[in-house]
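Dear colleague,

I am passing on a structure that I would like you to look through with care. Please open it alongside this message, and then read the notes that follow.

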Amino acid sequence: MTRRAVTVGDVRIGGGAPIVVQSMTNTDTRDVAATVAQIALLERAGCEIVRVAVPDRAAGEALKEIVGRAPVPLVADIHFDHRLALQAIEAGVAKLRLNPGNLTDRRKIADIVRAAGEAGIPIRVGANSGSLARRFRDAHGRPTAEGLVSSALEEVRLLEELGFDQIVISVKGTDVPMTVAAYRDVVQKVDYPLHIGITEAGTAREGAIRSSVGLGILLAEGLGDTLRVSLAADPVEEVRVAYEILRALGLRERGICYRVCPTCGRTEVDLVRIAREVEEALVDVIQPLTVALMGCVVNGLGEAGEADVALVGGPHSGTVYVDGEPVDRAVLEAGLAEAVIRAVRAKVGSHDG
Ligand code: SF4
């Protein structure tokens with residue numbers, strides 16, 4: 001089922017639009033310069049919508065300037081105090097995220113909805129297992145998929161009663177199976193666009209794996225119109241992981257897709273180091289490109305034939321291929337990373353032309 005669509009600034013979510021990549025700043029929002037700088041870095045990495053925490057009035061005040069300087073639409077993340085939502089709308093944000101677990105007064109929500117309606121911005125109803133109200137937890141006080149969905153839908157119904165339908169829903173849990181069950185359930189009940197994510201997924205490696213498993217299942221089932229990978233790391237890393245997840249499923253393409261052999265007893269060059277150097281040097285490339293880095297000819301020649309640029313290792317040396325043809329033969333190991341980087345830069349340049 002195609003979900004309804006909402007528009008966040010100039011970005012469309014749902015309605016069959018490409019899945020939108022989001023992240024969230026972790027700077028102090030009151031520090032305008034630091035927050036704007038991080039938003040710029042996120043945008044450069046491919047982040048299409050950025051969420052910003054608004055914990056107090058000073059942060060809400062800073063939002064005015066941040067909105068004016070941000071190159072992408074901003075979402076104000078609101079908890080507890082409805083006045084901060086009103087202040088964020090006034091500051092010009094393109095969307096609100098409300099937490100049904102900690103903003104419950106119907107009259108206050110009505111005030112927010114009226115202001116959002118007048119400003120023409122959508123609201124994400126974002127239920128989260130960490131802030132689920134007691135009555136939506138099980139007998140042991142633990143969050144459940146049913147509880148997440150009930151909490152979100154209760155607020156959705158309130159918004160609908162108030163005549164508001166520019167809604168995005170999320171039902172994020174820290175537990176992957178619970179989160180998957182919640183999204184599978186909510187999608188049967190409403191057709192608003194879905195913001196998907198595994199909340200508090202973990203540190204860079206663990207969080208990337210948990211998010212990949214959870215979001216991979218949902219996306220493979222066609223669930224998810226926008227996503228955020230939550231990592232205890234630089235938020236730019238969240239964006240990179242998000243694109244890798246989308247690329248793995250053939251849903252979005254951005255930047256270089258690396259095919260790197262795992263190395264084995266046949267490997268005669270330090271391929272792990274070369275791969276790291278190549279990846280770090282080419283992090284700015286946004287054109288979709290396949291780069292194969294292979295330790296030897298066993299699988300190397302086949303991968304080189306499929307890749308835009310490839311390296312096939314030999315005895316302390318290697319050959320660089322472009323479009324399946326060898327262009328740089330018997331390059332000594334010390335110069336291999338540089339030779340691959342050069343070939344990619346030349347290829348990207350030719351794409352630009
Ligand atoms: S491509 Fe060669 S070096 Fe790499 S894992 Fe396969 S056999 Fe080993």
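In which crossing, left-handed or right-handed, does H7 pass H8? H7 passes H8 in a right-handed crossing, where right-handed means that the near helix is turned clockwise from the far one by less than a right angle, and left-handed that it is turned anticlockwise.

Before going further, please keep in mind that this is a predicted model, in which local features need pLDDT of at least 70 and side-chain atom pairs count only at pLDDT 80 or more, while totals for chains, interfaces and linings use all residues. Residues are numbered from 1 along each chain as its sequence is written, and side-chain values use heavy atoms, with hydrogens and water left out.

To return to that pair, the axes of helix H7 (residues 204-220) and helix H8 (residues 235-248) come within 10 Å and cross at roughly 40°; axes are lines fitted to C-alpha atoms, for helices over the stretch in contact, and angles run from 0 to 180 degrees between N-to-C directions. Helices (H or I, at least four residues) and strands (E, at least two) are DSSP runs, numbered from the N terminus. H7 and H8 are therefore oblique to each other, given that angles under 35 degrees count as roughly parallel, over 145 as roughly antiparallel, 65 to 115 as roughly perpendicular and the rest as oblique. In H7, Ala208, Ser211, Ser212, Leu215 and Leu219 meet Val241, Ile245 and Leu246 of H8, contact meaning heavy atoms within 4.5 Å.

Helix H4 (residues 106-119) and helix H5 (residues 145-161) pack at an angle of about 60°, with their axes 10 Å apart. That makes H4 oblique to H5, and H4 passes H5 in a right-handed crossing. Here Arg106, Ile109 and Val113 in H4 meet Glu155, Leu158, Leu159 and Glu161 in H5.

As for the chain as a whole, it is divided into domain 1 (5-248) and domain 2 (256-352), with bounds that come from an automatic or database domain assignment, and the C-alpha centres of domain 1 and domain 2 lie 38 Å apart.

Two residues deserve a look in the loops. Glu200, in the loop between strand E9 (195-196) and H7, has a positive phi of about 45° although it is not a glycine. His316, in the loop between strand E13 (309-314) and strand E14 (317-322), has a positive phi of about 50° and is likewise not a glycine.
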